[in-house]
Amino acid sequence: MKITVIGAGYVGLVSAACFSDFGYEVTCVDRDPRKLAMLEAGKIPIYEQGLQPIVASNRQAGRLTFTDRLAEAVAGADVVLIAVGTPTREGEDAADLSFVYAAGEEIAKAMNGFTVIVTKSTVPVGTAAKLREIISKARPDGDFEVASNPEFMREGSAVEDFLRPDRVVVGVSSERAERALRQLYRPLSAKNVPLLVTSCEAAEVIKYAANTFLATRIAFVNQLADLCEAVGADIEDVARGMGLDKRIGLQFLSPGPGFGGSCFPKDTRALAHTARQQGNPFTIVENVISANEQRKRELAERIQAAVGGTLAGKKIALLGIAFKAETDDIRDAAALTVIPELQKRGASVAAFDPVAMDNGRQSFEDVQWCADAYSAAIGADAVAILTEWNVFRGLDLKRLARGMRQPVMVDFRNLLSLGDARSSGMVYHSIGRSPIVPADAHKAEIIPFKSGTV
Ligand code: NAD
């Protein structure tokens with residue numbers, strides 16, 4: 001089976017590499033010369049565990065190639081997967097489908113023989129139908145099918161998720177499209193991965209519904225954490241007590257700085273937009289979006305309260321700028337809200353992230369980038385943990401505190417146990433748990449933070 005993947009981003013590159021690992025001949029197309037040059041040189045443009053060896057071995061075996069020549073890559077392909085970006089349209093909530101439709105037009109001109117064109121990008125309901133229209137118009141003689149195959153991989157464990165997914169969803173509108181997609185995913189079906197065949201419309205809705213549901217859990221647990229803070233309950237106990245109920249489960253019940261990344265913020269907005277467009281406003285989702293935006297606005301306020309009520313002239317050390325651990329992706333990360341806000345309020349910012357600092361350097365000005373957490377903390381009035389990197393779990397807190405102007409930590413990920421925080425001698429603020437204030441701290445400077453005030 002000859003496969004072409006359009007887009008060598010997080011989804012396209014991982015999919016292309018894994019399909020070639022199944023033994024298929026795969027061409028991955030991207031129009032970004034920087035990415036292609038890196039891939040040609042054997043480098044991986046994104047940080048994704050386990051991806052490098054799969055790309056290297058399949059390139060060497062001649063099964064995986066990279067190119068910017070879409071037409072050549074599409075001619076003769078049995079299946080063409082579109083994995084280009086679908087960001088939020090400028091100034092709106094709707095998904096910007098211009099990259100998908102532009103790819104569709106190019107594919108239409110180049111395809112020959114029976115071709116199945118599959119949207120792997122996250123696209124709103126109705127996109128497969130519209131794509132079919134665009135391709136038919138460009139190639140009335142074309143022998144093709146359009147299918148929808150949403151991707152559920154998580155950055156940070158994308159290879160593992162691709163090779164061992166909970167399920168594969170394929171949306172089709174004909175038997176021959178179904179046959180082609182069943183063949184494409186036969187290596188996974190053989191490993192008993194459930195393959196759910198639906199209409200294109202259902203597949204498109206499933207993807208948005210899954211992401212929005214997970215985002216809703218995060219928004220829920222964050223507001224629950226605020227309640228816990230107010231009433232003196234520990235959110236970690238409460239979340240565990242809830243999550244051990246099998247009907248609820250423990251995943252996506254960790255409080256934090258609000259959801260970010262390249263998917264949840266844009267996908268919740270796009271689903272809310274679709275629902276509004278249909279005249280059925282999805283009010284739960286609208287509230288999730290505004291609760292999350294409020295949470296992000298409050299991050300700088302929490303840090304300001306922890307350092308005594310003003311940020312002017314203070315230095316804040318941020319640990320982690322990626323939107324979550326195990327990725328270098330900073331799209332819609334909490335850091336994007338908090339860094340400019342801290343700077344606006346007069347603070348200077350030092351930061352360390354194990355892998356996302358190259359992306360950070362391109363996005364932020366006037367940030368002191370540091371080699372590790374300890375150097376970031378030197379002279380700081382507070383250290384704030386934004387990303388749940390494992391390397392921050394075992395921090396030597398006494399060493400960290402020694403270098404600081406004020407030993408204050410704001411742990412937005414609840415990475416530290418209260419016991420460790422207590423023995424560190426630091427003033428320790430976390431989410432949904434009472435602050436730890438050592439007996440000798442200047443209590444007048446500890447201003448309690450109250451959610452909903454920003
Ligand atoms: P990305 O921005 O990392 O990659 C997209 C790539 O497509 C870029 O390299 C871009 O240069 C390339 N591209 C755009 N138009 C092109 C064209 N006409 N020809 C060739 N290349 C082209 O995006 P991503 O994070 O991989 O996401 C892609 C899609 O998958 C989005 O719809 C996203 O919502 C969805 N998705 C992402 C994830 C994730 O974890 N990132 C998970 C599931 C689904």
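This is a predicted model: local features need pLDDT of at least 70, side-chain atom pairs count only at pLDDT 80 or more; totals for chains, interfaces and linings use all residues.
## A residue inside helix α12

Let us start with T268, which sits in helix α12 (helices are DSSP runs of H or I with at least four residues, strands are E runs of at least two, all numbered from the N terminus). T268 counts as buried because its relative accessibility is 1% (buried is under 20% relative accessible area, exposed over 50%, partly exposed in between, with a 1.4 Å probe and protein chains only).

Residues are numbered from 1 along each chain as its sequence is written, and side-chain values use heavy atoms, without hydrogens or water.

## Around the ligand

Which residues come closest to the ligand? They are D30, K35, T86, E155 and K266, out of 25 residues that surround the ligand (each with a heavy atom within 4 Å). By class, this shell holds 10 charged, eight nonpolar and seven polar residues (Asp, Glu, Lys and Arg are charged; Ala, Val, Leu, Ile, Met, Phe, Trp, Tyr, Cys and Pro nonpolar; the others, with Gly, polar). Domain 1 (2-198) and domain 2 (214-290) each give at least three residues to the shell, the bounds coming from an automatic or database assignment.

D30 brings a polar side-chain atom to 2.5 Å from a ligand oxygen atom. At T122, a polar backbone atom is 2.9 Å from an oxygen atom of the ligand. E155 places a polar side-chain atom 2.8 Å from a nitrogen atom of the ligand. How much of the ligand does the protein bury? The protein buries 91% of the 830 Å² that the ligand exposes when taken alone (Shrake-Rupley areas with a 1.4 Å probe).

## A strand covered on both faces

In a regular strand, side chains alternate between the two faces of the sheet. Strand β7 (residues 168-171) has V168 and V170 on one side, with V169 and G171 on the other, and all of these are buried.

How does β7 pair with β8? Strand β8 (residues 195-198) runs in the parallel sense to β7, over four bridges (pairing needs at least two DSSP bridges). Within this pair, V168 stands opposite L195 in β8.

## Two loops

One loop lies between α11 (235-243) and α12 (264-277), and Q251 is found there. Q251 counts as exposed because its relative accessibility is 56%. From Q251 to A239 the C-alpha distance is 9.8 Å, and they are 12 residues apart in sequence. F252 belongs to the loop between α11 and α12 too. The phi of F252 is near 60°, a positive value in a residue other than glycine. With a relative accessible area of 29%, F252 is partly exposed.

Another loop, between α15 (357-363) and β11 (367-369), holds E365. Is E365 buried or exposed? E365 counts as exposed because its relative accessibility is 64%. E365 and T86 are 279 residues apart in sequence, and their C-alpha atoms are 27 Å apart in space. D366 lies in the loop between α15 and β11 as well. D366 has a positive phi, near 60°, although it is not a glycine. D366 is exposed, with a relative accessible area of 69%.

Methods. A polar contact is a pair of N or O atoms within 3.5 Å; within protein, one must be able to donate a hydrogen and the other to accept it, and residues adjacent in sequence count only if both atoms are side-chain atoms.
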